[in-house]
Every structure is written in structure tokens, then in C-alpha cells.
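Please look over the structure shown here before reading on; the briefing that follows takes up a few of its features by topic.

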Amino acid sequence: MNADRCGKGGGRATARFAYGQDVSERSGTRDGPVRACWSCHGQTAASAVFCPTCGVVLPPAVLDHFAHFDLARGYDIDLVELDRRYFAAQRQLHPDRFATKSATERAHSLAHATDLNRAYETLKDPLRRAVYLLELAGIDVTGETKTSADPTLLAEVMERREALADATSPSELAAVVGAAEAEAERCRTGLSPAFAAADWARAAQLTLRYTYLARLLDEARARRGRPASPPAFAAAPK
Ligand SMILES: [Zn+2]
């Protein structure tokens, strides 16, 4: 994963006031939508976390997950920077800091923390990030009906499932997992240029495939954790 930002247009103007920046930036009222502070009624940026006038925590604004971290919208994000901004914001919103504050501020800080966690969990995962980017583009790839639309994918999924079901030894299981992991990696690699080019059809196709592979890999990992079931006819003489 490189740090290139290949999203189109990047974050909205309001993104500048999101988490993980210093207080002067975060609570600023530069361009972008504004709103009134619930406490002092002073003007704040719509996405500000804290009021620049009185310092209270503001209710969370409806932001896309990228804007929470002031990251440009795109598949290739800087994961180190995402981590840095997430942990910085988490510290700012730690419940201990609001223990002596009003119930309103405690509720708002908790709501921010919830939004922040959801955004972080979505963006740090390469599959969830892809699904989310498609969602932002109005494309739903998670609906079950989509499978039947791609018979080639359906056939491939069934074949891999069969191989997984038939794998009785650790080495056979490892082979199925290895092949699926390699294919998942190819999906990830392909998603980067697809999103960069706003090739939604290609991105959706790869994401759907990746979704099935990830599901298969989850099942394979769950099986690894269990004692291997003996093959049905293992005891039969040859
Ligand atoms: Zn205020």
C-alpha cells in the first residue's frame, strides 16, 4: 500500500476541521458550512469537534469516513497517517477528559468516538474500504442478488468451496488458503488503479470477487482452528 492519494477531488472543504488536527485548525471557522455552538451560540465550522469560542465539544457532523481524518477520498490511503490521526483523535475524545463535563458534552464526545471508530474500522480494512467507496458512488456490491449476475464468478466460488470442503489434510487446506490469498491480493492490487480511474464497473467486479474470497478465507481460518475431521473413508482398506 503506497501513500498516493488517487481519489478524485479529495475531501470536502469541511474535512479540514475534522479530527486529528491541532485545535486552531480543528475548531476554525474558515470556508465551508458553519453552525452555531449549542452552548455559547458562537459560529463554528460545521465539522468542528470543539467550539473555537467556548471550547465545548460539539455534536458530530455527518461526515464521510475520509473526512473524519481529513484524508482525500480514494482507495490508496496513507495507513500510517490514518493510524496517527485516529489515535490522536481517540486521545482527545477519551471519556476521562469529559468525566467532569456536562451530560451534553459527555454524550457528544461519546457520539464522536463512535463515529470515529466506525470510520477507522472501515478505512483500515482494504475490503471494507472498497465496499464503502462503492457505496459512496451509489453502488451496492454486497447484495446477494449480485452473485447470480456473474456466472463466471459463481462457478469459481463453487469450485473453491468444493476444494475447501474436500481439503482433509493441513497441507491441502494450506493450498486452498494460499490460492485464495493470492487471488485476494490480485483483487487488492487491481482495485487501486480501478478506483483511481473511477472505473466503477471494474472496481465493483473486483470488490465482489474479493468479498467472496474473504468469506472463504474466514471459513478456512475457522477450520484451521478446529481439529481436522477425518476423511469419510480414511479407515477403508485400499
Ligand atoms: Zn461555544
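Why does P52 count as buried? P52 counts as buried because it has 20 C-beta neighbours inside 10 Å, the rule being that 20 or more other C-beta atoms within 10 Å make a residue buried, 12 or fewer make it exposed and anything in between partly exposed, with C-beta atoms placed from the backbone. This is a predicted model, in which local features need pLDDT of at least 70 and side-chain atom pairs count only at pLDDT 80 or more, while totals for chains, interfaces and linings use all residues. Residues are numbered from 1 along each chain as its sequence is written.

**Overall make-up**
- The protein has 9 helices and 2 strands, where helices (H or I, at least four residues) and strands (E, at least two) are DSSP runs numbered from the N terminus.
- From the N terminus on, the order of the elements is α-β-β-α-α-α-α-α-α-α-α.
- Of the 238 residues in the protein, 29% are buried.

- P52 sits in the loop between β2 (43–45) and α2 (65–68), and its C-alpha atom is separated by 8.2 Å from that of G42, 10 residues apart along the chain.

**Helices α3 and α4**
- Helix α3 (residues 79–92) packs with helix α4 (residues 103–124) at an angle of about 165°, their axes being 11 Å apart; axes are lines fitted to C-alpha atoms, for helices over the stretch in contact, and angles run from 0 to 180 degrees between N-to-C directions.
- The contact (C-beta atoms, placed from the backbone, within 7 Å) is made by L79, L82, Y86, A89 and Q90 of α3 together with L116, Y120, L123 and K124 of α4.

Note on methods. Contact = placed C-beta atoms within 7 Å.
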